[in-house]
Amino acid sequence: MESNSRSKFKKICVFCGSNPGHRKVFSDAAIDLGNELVSRKIDLVYGGGSVGLMGLISQRVQEGGCHVLGVIPKALVPIEISGESVGDVKIVSDMHERKAEMAIQADAFIALPGGYGTMEETLEMITWAQLGIHKKPVGLLNVEGYYNSLLALFDNGVEEGFIKPGARDIVLAAPSARELLSKMEQYTPSHDHVAPHESWHMEELAYPKEQSP
(Lines give C-alpha, C1' and ligand atoms only; values in the text may rest on other atoms or scores of the structure.)
Protein backbone atom coordinates (compact mmCIF):
# COMPACT_ATOMS: atom_id res chain seq x y z
CA MET A 1 0.00 0.00 0.00
CA GLU A 2 1.35 3.39 -0.96
CA SER A 3 2.11 5.87 1.81
CA ASN A 4 0.36 9.23 1.56
CA SER A 5 3.42 11.24 2.54
CA ARG A 6 7.17 10.94 2.23
CA SER A 7 8.99 9.82 5.35
CA LYS A 8 11.35 12.17 7.17
CA PHE A 9 13.89 9.33 6.87
CA LYS A 10 15.82 9.02 3.62
CA LYS A 11 17.80 5.92 4.60
CA ILE A 12 17.24 3.36 7.34
CA CYS A 13 19.78 0.80 8.49
CA VAL A 14 18.26 -2.63 9.15
CA PHE A 15 20.10 -5.14 11.31
CA CYS A 16 18.89 -8.70 10.80
CA GLY A 17 19.85 -12.33 10.67
CA SER A 18 21.81 -14.12 7.97
CA ASN A 19 19.48 -17.01 8.84
CA PRO A 20 15.73 -17.00 8.10
CA GLY A 21 14.66 -18.45 11.44
CA HIS A 22 12.56 -21.58 11.85
CA ARG A 23 9.18 -19.93 11.37
CA LYS A 24 7.74 -18.29 8.27
CA VAL A 25 6.51 -15.35 10.36
CA PHE A 26 10.06 -13.98 10.47
CA SER A 27 10.48 -14.07 6.69
CA ASP A 28 7.06 -12.47 6.30
CA ALA A 29 8.12 -9.68 8.68
CA ALA A 30 11.28 -8.97 6.67
CA ILE A 31 9.28 -8.72 3.45
CA ASP A 32 6.64 -6.56 5.16
CA LEU A 33 9.33 -4.18 6.43
CA GLY A 34 10.77 -4.03 2.92
CA ASN A 35 7.33 -3.17 1.54
CA GLU A 36 6.89 -0.47 4.15
CA LEU A 37 10.26 1.10 3.30
CA VAL A 38 9.36 1.10 -0.39
CA SER A 39 5.93 2.63 0.26
CA ARG A 40 7.60 5.46 2.19
CA LYS A 41 10.40 5.80 -0.39
CA ILE A 42 13.11 4.98 2.16
CA ASP A 43 16.44 3.55 0.98
CA LEU A 44 18.03 0.60 2.76
CA VAL A 45 21.43 0.30 4.44
CA TYR A 46 22.17 -3.24 5.60
CA GLY A 47 24.84 -5.88 6.17
CA GLY A 48 25.51 -6.66 2.52
CA GLY A 49 24.46 -10.27 1.94
CA SER A 50 21.65 -12.06 0.15
CA VAL A 51 21.12 -14.90 2.64
CA GLY A 52 18.54 -15.18 5.42
CA LEU A 53 16.42 -12.20 6.39
CA MET A 54 19.11 -9.88 4.96
CA GLY A 55 18.49 -11.30 1.52
CA LEU A 56 14.72 -11.06 1.75
CA ILE A 57 14.56 -7.41 2.76
CA SER A 58 17.33 -6.23 0.43
CA GLN A 59 15.78 -7.93 -2.59
CA ARG A 60 12.33 -6.56 -1.77
CA VAL A 61 13.58 -2.98 -1.38
CA GLN A 62 15.58 -3.18 -4.61
CA GLU A 63 12.65 -4.68 -6.51
CA GLY A 64 10.50 -1.82 -5.19
CA GLY A 65 12.79 0.75 -6.80
CA CYS A 66 14.60 2.07 -3.73
CA HIS A 67 18.37 2.17 -3.32
CA VAL A 68 20.14 -0.59 -1.41
CA LEU A 69 23.60 -0.21 0.13
CA GLY A 70 25.31 -3.21 1.67
CA VAL A 71 28.25 -2.64 4.02
CA ILE A 72 30.34 -5.76 4.50
CA PRO A 73 33.76 -6.55 5.99
CA LYS A 74 36.21 -8.00 3.48
CA ALA A 75 36.43 -11.27 5.44
CA LEU A 76 32.72 -11.91 4.80
CA VAL A 77 32.80 -11.11 1.08
CA PRO A 78 33.29 -14.69 -0.25
CA ILE A 79 30.08 -15.81 -1.92
CA GLU A 80 29.77 -18.95 0.20
CA ILE A 81 29.49 -16.74 3.29
CA SER A 82 27.31 -13.83 2.20
CA GLY A 83 25.71 -14.90 -1.09
CA GLU A 84 25.40 -12.73 -4.18
CA SER A 85 25.39 -9.01 -3.43
CA VAL A 86 22.21 -6.96 -3.73
CA GLY A 87 22.43 -3.31 -4.79
CA ASP A 88 25.59 -1.34 -4.16
CA VAL A 89 28.24 -2.78 -1.88
CA LYS A 90 30.84 -1.00 0.23
CA ILE A 91 33.63 -3.24 1.50
CA VAL A 92 35.22 -2.20 4.79
CA SER A 93 38.16 -3.54 6.77
CA ASP A 94 36.43 -4.88 9.89
CA MET A 95 33.22 -5.13 11.92
CA HIS A 96 33.76 -1.89 13.78
CA GLU A 97 34.24 0.07 10.59
CA ARG A 98 31.10 -1.59 9.25
CA LYS A 99 29.00 -0.31 12.14
CA ALA A 100 30.51 3.16 11.92
CA GLU A 101 29.80 3.35 8.18
CA MET A 102 26.23 2.15 8.61
CA ALA A 103 25.69 4.69 11.39
CA ILE A 104 27.00 7.51 9.20
CA GLN A 105 24.86 6.47 6.23
CA ALA A 106 21.53 5.93 7.98
CA ASP A 107 18.93 8.26 9.51
CA ALA A 108 17.52 5.56 11.81
CA PHE A 109 18.03 1.92 12.82
CA ILE A 110 15.70 -1.08 12.92
CA ALA A 111 16.44 -4.57 14.20
CA LEU A 112 14.54 -7.49 12.76
CA PRO A 113 14.87 -10.78 14.65
CA GLY A 114 18.43 -12.05 14.55
CA GLY A 115 21.22 -13.60 16.56
CA TYR A 116 24.27 -12.32 18.41
CA GLY A 117 25.43 -10.08 15.55
CA THR A 118 22.06 -8.39 15.15
CA MET A 119 21.77 -7.77 18.87
CA GLU A 120 25.35 -6.54 19.22
CA GLU A 121 24.94 -4.05 16.37
CA THR A 122 21.63 -2.82 17.75
CA LEU A 123 22.95 -2.48 21.30
CA GLU A 124 25.90 -0.45 20.04
CA MET A 125 23.54 1.99 18.29
CA ILE A 126 21.52 2.25 21.52
CA THR A 127 24.72 2.91 23.46
CA TRP A 128 25.85 5.55 20.95
CA ALA A 129 22.49 7.28 21.35
CA GLN A 130 22.91 7.26 25.14
CA LEU A 131 26.43 8.68 24.80
CA GLY A 132 25.23 11.44 22.48
CA ILE A 133 27.11 10.23 19.41
CA HIS A 134 23.88 10.31 17.40
CA LYS A 135 20.26 11.39 17.92
CA LYS A 136 18.71 8.84 15.59
CA PRO A 137 15.83 6.53 16.60
CA VAL A 138 16.47 2.84 17.23
CA GLY A 139 13.59 0.40 16.83
CA LEU A 140 13.05 -3.30 17.51
CA LEU A 141 10.59 -5.07 15.20
CA ASN A 142 9.22 -7.33 17.90
CA VAL A 143 7.84 -10.11 15.71
CA GLU A 144 5.74 -12.57 17.73
CA GLY A 145 7.35 -11.21 20.90
CA TYR A 146 10.86 -12.18 19.78
CA TYR A 147 12.43 -9.30 21.73
CA ASN A 148 10.18 -9.50 24.81
CA SER A 149 12.95 -10.94 26.98
CA LEU A 150 15.44 -8.28 25.86
CA LEU A 151 12.94 -5.50 26.55
CA ALA A 152 12.26 -7.02 29.97
CA LEU A 153 16.01 -7.00 30.63
CA PHE A 154 16.12 -3.27 29.83
CA ASP A 155 13.17 -2.67 32.18
CA ASN A 156 14.97 -4.60 34.91
CA GLY A 157 18.05 -2.45 34.28
CA VAL A 158 15.94 0.60 35.08
CA GLU A 159 14.48 -1.01 38.21
CA GLU A 160 17.93 -1.99 39.45
CA GLY A 161 19.44 1.43 38.79
CA PHE A 162 21.73 0.60 35.85
CA ILE A 163 19.69 2.29 33.10
CA LYS A 164 18.19 5.74 33.55
CA PRO A 165 14.46 5.97 32.77
CA GLY A 166 15.09 8.56 30.07
CA ALA A 167 17.67 6.30 28.43
CA ARG A 168 15.19 3.41 28.45
CA ASP A 169 13.04 5.50 26.10
CA ILE A 170 15.80 5.32 23.45
CA VAL A 171 14.55 1.84 22.53
CA LEU A 172 11.32 1.79 20.53
CA ALA A 173 9.47 -1.44 19.81
CA ALA A 174 6.37 -2.57 17.95
CA PRO A 175 5.01 -5.82 16.49
CA SER A 176 4.53 -4.50 12.95
CA ALA A 177 6.68 -2.48 10.54
CA ARG A 178 4.04 0.19 10.03
CA GLU A 179 3.53 0.77 13.76
CA LEU A 180 7.27 0.81 14.43
CA LEU A 181 8.02 3.31 11.67
CA SER A 182 5.21 5.55 12.90
CA LYS A 183 6.75 5.54 16.40
CA MET A 184 10.17 6.29 14.97
CA GLU A 185 8.84 9.19 12.90
CA GLN A 186 7.52 10.76 16.12
CA TYR A 187 10.62 10.07 18.23
CA THR A 188 12.30 12.93 20.06
CA PRO A 189 15.27 12.17 22.35
CA SER A 190 14.35 12.81 25.98
CA HIS A 191 17.44 11.48 27.75
CA ASP A 192 20.52 13.35 28.92
CA HIS A 193 23.56 12.56 26.79
CA VAL A 194 26.65 11.31 28.61
CA ALA A 195 28.70 13.79 26.55
CA PRO A 196 27.55 16.68 24.32
CA HIS A 197 26.55 15.58 20.82
CA GLU A 198 28.80 18.26 19.36
CA SER A 199 31.88 16.72 21.00
CA TRP A 200 31.55 13.54 18.94
CA HIS A 201 32.53 13.20 15.28
CA MET A 202 30.78 10.35 13.48
CA GLU A 203 33.40 10.15 10.75
CA GLU A 204 36.05 9.39 13.40
CA LEU A 205 34.25 6.43 14.96
CA ALA A 206 36.26 3.75 13.17
CA TYR A 207 39.37 2.47 14.89
CA PRO A 208 42.60 4.02 13.61
CA LYS A 209 44.42 1.96 11.02
CA GLU A 210 47.43 0.02 12.21
CA GLN A 211 50.68 1.45 11.03
CA SER A 212 53.13 -0.77 9.16
CA PRO A 213 56.31 -1.51 11.16
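Where is E144 found? I looked there first, and E144 sits in the loop between β6 (138-141) and α6 (148-159). For the labels, helices (H or I, at least four residues) and strands (E, at least two) are DSSP runs, numbered from the N terminus.

**Ground rules.** I am working with a predicted model, where local features need pLDDT of at least 70, side-chain atom pairs count only at pLDDT 80 or more, and totals for chains, interfaces and linings use all residues. Residues are numbered from 1 along each chain as its sequence is written, and side-chain values use heavy atoms, with hydrogens and water left out.

E144 is not a glycine, yet its phi is positive, near 55 degrees. I found E144 exposed, with a relative accessible area of 57%. My cut-offs are under 20% relative accessible area for buried, over 50% for exposed and partly exposed in between (1.4 Å probe, protein chains only). K41 also has a positive phi, about 60 degrees, and is not a glycine. I placed K41 in the loop between α1 (24-39) and β2 (43-46). K41 is partly exposed, at 41% relative accessible area.

**Helix α4.** Next I went to K99, which belongs to helix α4. Is K99 buried or exposed? K99 is buried, with a relative accessible area of 8%. I then checked what K99 touches, taking contact as heavy atoms within 4.5 Å. Leaving out neighbours within four places in sequence, K99 is in contact with E120, E121, E124, M125 and W128. I also looked for polar contacts (pairs of N or O atoms within 3.5 Å; within protein, one must be able to donate a hydrogen and the other to accept it, and residues adjacent in sequence count only if both atoms are side-chain atoms). The K99 side chain has one with the side chain of E120 at 2.4 Å, and another with the side chain of E124 at 2.5 Å.

For the helix as a whole, I read off 8 of the 11 residues of α4 as buried. Among them are H96, E97 and R98. The buried residues of α4 pack against β1, β2, β3 (68-73), β4 (88-92), β5 (108-111) and α5. At the start of α4, a side-chain oxygen of D94 comes to within 3.2 Å of the backbone nitrogen of H96.

**Pockets.** On a 1 Å grid over the protein atoms alone, I took a pocket as an open set of points where a 1.4 Å probe fits, with protein on both sides within 12 Å along at least five of seven lines; lining residues have an atom within 4 Å of a point. The largest pocket holds about 350 Å³. I noted 24 lining residues, with C16, G17, S18, M54 and R98 nearest the centre. β1 (11-15), α3 (79-82), α4 (95-105) and α5 (116-131) each give two or more residues to that lining.

Which residues line the second largest pocket? I listed L123, I126, T127, Q130, F154, I163, A167, R168, I170 and V171. The volume of this second largest pocket is about 150 Å³. α5 and α7 (165-168) each supply at least two of its lining residues, and the largest share, 4 residues, comes from α5. For the largest pocket, too, α5 gives the largest share of the lining, 4 residues.

Definitions and conventions. Grid points are joined across faces, edges and corners, and a volume is the space filled by probe spheres set on the points.
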